[in-house]
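Hello,

Here is the structure I promised to pass on to you. Please open it first, and then read my notes below alongside it.

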Amino acid sequence: MLVASFIGLFAGLALLVVLTMRGVNIIISAVLCAVLVALCSGLSLRDAMLDSYMDGFTGFFTTWFPAILLGAIFGQLMDDSGAAKAIARKSRDWFGEKRAIMAVVGASAILTYGGVSVFVVGFSVYPIAYELFKGANLPHRFIPAAMVFGSISFTMTSPGSPEVQNLIPTEYFGTTAVAGGFIGVLCGITILMIGAFAIRTLVRRAIAAGETFDPPAASRNHGGRETDSSIPIIAALTPLVVLVGGFNVLALIFEMRAVEALLIAMVASLALGFTLFHRHLHQHGRTLGLGADNALVATANTCAVVGFGAVAALTPAFKEIVAVLTDLPGLEYAGLAMAVTAIAGITGSASGGLGIALPILAPIYQGMGLDNGAMHRISALASGGLDSLPHNGYVVTTIRAICKETHQRAYPAVFVASVLVPSLVLALAVVLYTLV
């Protein structure tokens, strides 16, 4: 049964990746692959799909749909009003068209490090990225890589980040969000530098091969509407400042739950945005409707993958993998890193992987006398590597729902920036923490 469970687990994961790359609907793919995993492991299909899968699916929906809905409407507001174009124009003035990639990475990183959900970041930044890449005539298919890299690589795993991937370890290691010391900061900077260089190199090669902006037909109405008068840059930036600043004030000063603080900040920024941009919006209902449609697609895509991970975590193969990785003599930090990154890869979720792995792993490794700060930072870094395989919910949402791209066109660059580079830096972190 164990052999069959291993075959089913890896076959299900491989099939999910292949189907996603070939453009098959992620919801259908996740359900089919979860059924395969359950059958090969001898799990009750009824319990696995109606209980575990749906618990994972609805759990994510319950927690994140309100924030994703408001974030999608916010992004549509920035697009329809012309505010995104105003920010893009000013970004070109500040950075120059040749630095459009870093402008997108920087915008995503600032919002993410400000505590904004990555899904909110995706919908908010894409209209800006569209205009920047269009103005610089850079291939549209690299927008997902720039956005994903800026929002889920170094920003969610570096010391001080308010993202959940940096906060979950605090519950199990008794640490703070800045745990990991200088090595943690060094790793974050290294990911930023190498990843940015990698994206720029890929874009330059594509341009040398004759590629131009050339967006998919479905995304060509995402460039914002022309307005009679341009929006002042201060007005365009104000809702973003309110969003980031409001979240941090509520979460840090008033010690409000992250989700609650985000929702209040989103409502405030939306109200301010509709007030500031009222005369630039021709159809308020259109903005609200398109935002709601985008939110449903984004949430359902991620829920489907979280459900698959919930079923995978029940299998004997999954439990055996955890047992083997936690029993590597002399390679304790490496074992922790491999265990977390493997679980994050199987579940297709950094936060989901940490939520499954750390309740099991933290007591084991703490019993070995390892440094809690080092374990915190290694766990956070490990969650941000293999989690970004093609079936990752945010990757699917960014490529398909937000940018209207395909995995065939967009994912290779995403893989380099958000899987390969963070994995290499994770290895560096393991070495450094082992030697210190």
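A polar atom in the side chain of T190 lies 2.7 Å from the backbone oxygen of L186. This is a polar contact, meaning a pair of N or O atoms within 3.5 Å; within protein, one must be able to donate a hydrogen and the other to accept it, and residues adjacent in sequence count only if both atoms are side-chain atoms. T190 sits in helix α10 (residues 181-208), where helices are DSSP runs of H or I with at least four residues, numbered from the N terminus. T190 is buried, at a relative accessible area of 17%; buried means under 20%, exposed over 50% and partly exposed in between, with a 1.4 Å probe and protein chains only.

Before you go further, please note that this is a predicted model: local features need pLDDT of at least 70, side-chain atom pairs count only at pLDDT 80 or more, and totals for chains, interfaces and linings use all residues. Residues are numbered from 1 along each chain as its sequence is written, and side-chain values use heavy atoms, with hydrogens and water left out.

Next, have a look at S418 in helix α19 (residues 407-435). S418 is buried, with a relative accessible area of 1%, and its side chain reaches the backbone oxygen of V414 at 2.7 Å. Leaving aside residues up to four places away in sequence, S418 touches V148, G384, G385 and S388; contact means heavy atoms within 4.5 Å.

Then there is helix α2, which runs over residues 26-40. After α2 comes G42, whose phi is positive, near 70 degrees. Which residues of α2 are buried? They are I26, S29, A30, C33, A34, V37 and A38. These residues lie on the same side of α2 because they cover an arc of only 160 degrees around the axis, taken from the directions from the helix axis to the C-beta atoms. The face turned away from that buried side carries the exposed residues L32 and L39. The partners of the buried residues are α1 (2-21), α3 (45-81), α13 (284-312) and α18 (393-402).

Two of those partners also meet each other: residues of α13, including N294 and V305, are in contact with residues of α18, among them Y394 and A401.

Enjoy exploring!

How values were computed:
Helix = DSSP H or I, 4+ residues; strand = E, 2+ residues; numbered from the N terminus. Expected span 1.5 Å × (residues − 1).
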